[in-house]
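Subject: Structure handover

Hello,

Here is the structure I said I would pass on. Please look through it first; my notes on what was found follow below.

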Amino acid sequence: MSFSNSPGGEALDLLSRIAQKVQEETKVRLHRRNVERVLSAVMVSGDFWKIVDLSDLPVPAASGIVKELISEGLLFIDDKEDILLTQKGYDLIGELGIEPFVDYSCQACEGRGYPFYADKELYRTFVELAKDRPKAIRDYDQGSVTPETTVSRVLFIDSRGDLRGKDIIVMGAEDDLTGLAVALTRKANRVLVIDIDDRLIEFDNRIFKELGIDNAEAVVWDLRKPYGEDMLGQFDVFITDPPETFAAFRAFIGRGIATLRDEGCAGYFGLTLRDSSIFRWKEFQETLIGEYGTVITDIVQDFNHYMNWEYHPETKAAQIAPVRKNPTDIWYRSAWYRIETLPGFKRWNDPISDDVFYLDEEGSTT
Ligand code: SPD
C-alpha cells in the first residue's frame, strides 16, 4: 500500500526510506515502524543505550537509524552526547502522531511477575555469595544478569513445576550463576552445571563443597562438541542463555533439548532483541516448533536484566554507536522463554563447525 496520497504520506515515505537504507547498510531486516519506535524512544530518553533498549532493535540497526535521522535533520546530538529532536523532528512526529513510550510494568517485580523478594532467604544468600563471582569476560560473550534476575528465574521455574525433585542441567551460561541459585534451594533432585569457563566451574564447586550441597556438581564443557550418550535424555529440565547466532542457538538450545528425558520436559533460556532481530526470532521459533518438535509455553519480555560489562568499550557495539558515552544504566535485557517437549520431539546433537558463534551482522556486544 502506498501512503503518498494520504495525510502524512511523504513523512511515512521518508521513514520507510530510512528503514530501507539502514537495512541495506547493516543487513539487519527492518521496516518503517522500527524507525517510528526509535522516535518514540528519543521522546523519553536522550541516552543512546536506553534508546536501543526501548526500540527493541539490534545495536547496529538502532545506531544506523539514529545516524540517518540525524543526517535528515530530524535529530541532533548535544554537547552532553544526548540525542534530541530538532524542530523538524518535532514537526514530523506531530504530523505522524508518534507518541512517547509509556511503561506501566510493575516496578516492584521489575516487570517479571515473579518478585525476587518472595524468597528473601534465597535472595540474601545468593547476593552474599555472588559478591565474589568471577568478573564477566569477553571470550565467551559473558555479561551477567542481576542477582534479582537470577533469583526470579528460580522462582519462575519453581512456579511452573520444574524444580522440585527434578534433574536439572544448566548449560553454558553460568556467569549468571543460575545453576548455583537452583542448587541453593536444595529442592531439585540433581543439578549439573556445565560451562566452558573453568573459573565459574571452580567457583560453583567450591560453594557446593563448603555448603554441603552434595546433589550438585559443575563440569567444564564446550557446547560446540556433541554430547555423549551419557548426557542424552538424562534430565527433566535444561536452563541456558545463548548468544544469538544460529550456531549458538543450536549448540545451547538444540543440545539442551537433546538432554531431556521425554515429552512434557521443559527448557528455559533468554533471547534478546539487542543482538538479534524479530525476524531472527521468527526463525528461532520455527526451528523450535517445526524442527525440534517443542512448544513455546511462555515468553516474558525484558525478564532478564544484564549488568554492564567492563569490556564494552572494546566491542563493535561501542564502535558503531553514534555517541562515545558508555552505558551507565541497565539497557541490555532479554526475554525469558519456556519451551516444553511434545511426543516425537527431536534430540539435535550435531557437531558445530561454524566459526560464527558469538558475532554476526545482528550481534555486536561481544
Ligand atoms: N556480550 C554482552 C552480554 C551478553 C550476554 N548474553 C546474553 C545472551 C542472551 N540470550
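Helices here are DSSP runs of H or I with at least four residues, and strands are runs of E with at least two, both numbered from the N terminus. The model is a predicted one.

Helix α7

Helix α7 covers residues 147-159, and its 13 residues should span 18 Å at 1.5 Å a residue; the end C-alpha atoms are 18 Å apart, which agrees. Just after α7, G161 has a positive phi of about 75°.

How many of the 13 residues of α7 are buried? Twelve are, so the helix is largely enclosed by the rest of the structure. Buried here means under 20% relative accessible area. The buried residues are P147, E148, T149, T150, V151, S152, R153, V154, L155, F156, I157 and D158. Both helices and strands cover them: the cover includes α6 and α8, together with β6 (237-240), β7 (266-272), β8 (294-305) and β9 (333-341).

Helix α8 and its two partners

One of the helices over α7 is α8, and the axes of these two come within 9 Å and cross at roughly 55°. The pair is therefore oblique. On the α7 side the contact is made by T150, R153 and V154, and on the α8 side by T178, A181, V182 and T185. By class, these residues divide into three nonpolar, three polar and one charged. The crossing of α7 and α8 is right-handed.

Helix α8 (residues 178-185) also packs with helix α6 (residues 120-130), where the axes come within 10 Å and cross at roughly 135°. These two helices are therefore oblique to each other as well, and α6 passes α8 in a right-handed crossing. From α6, the residues in the contact are L122, T125, F126 and L129; from α8, they are L180, A181, L184 and T185. Six residues of this contact are nonpolar, two are polar and none is charged.

An α-helix has 3.6 residues a turn, so residues three or four places apart point the same way.

R186 is not a glycine, yet its phi is positive, at about 55°.

Helix α1 takes in residues 9-26. At 1.5 Å a residue its 18 residues should span 26 Å, and the end C-alpha atoms are 26 Å apart, which agrees. Its buried residues are G9, A11, L12, L14, L15, I18, A19, V22 and T26. What do the buried residues of α1 pack against? They pack against α2, α4 (59-71) and α5 (87-96). Just after α1, K27 takes a positive phi of about 70°.

Helix α2 (residues 32-42) packs with helix α3 (residues 48-55) at an angle of about 130°, and their axes are 9 Å apart. That makes α2 oblique to α3. The crossing is right-handed. R37, V38, A41 and V42 of α2 meet I51, L54 and S55 of α3. This contact has five nonpolar residues, one polar and one charged.

Two single residues

E110 lies in the loop between α5 and α6. Its phi is positive, at about 55°, although E110 is not a glycine. With a relative accessibility of 31%, E110 counts as partly exposed.

I296 is in strand β8, one of the strands that cover the buried residues of α7. Is I296 buried or partly exposed? Its relative accessibility is 21%, so I296 counts as partly exposed; the cut-off for buried is under 20%. Leaving aside residues up to four places away in sequence, I296 touches Q285, L288, I289, Y337, R338 and I339. E210 is 86 residues from I296 in sequence, and the C-alpha atoms of the two are 38 Å apart in space.

Regards

Technical notes
Residues numbered from 1 in each chain as written. Predicted model: local features only at pLDDT ≥ 70, side-chain atom pairs only at ≥ 80, totals over all residues. Heavy atoms only, no water. Axes fitted to C-alpha atoms, helices over the stretch in contact; angles between N-to-C directions. Parallel < 35°, antiparallel > 145°, perpendicular 65-115°, else oblique. Left-handed = near helix turned anticlockwise from the far one by under 90°. Contact = heavy atoms within 4.5 Å. Nonpolar A, V, L, I, M, F, W, Y, C, P; charged D, E, K, R; others polar. Expected span 1.5 Å × (residues − 1). Buried < 20%, exposed > 50% of the residue type's maximum accessible area, 1.4 Å probe, protein only.
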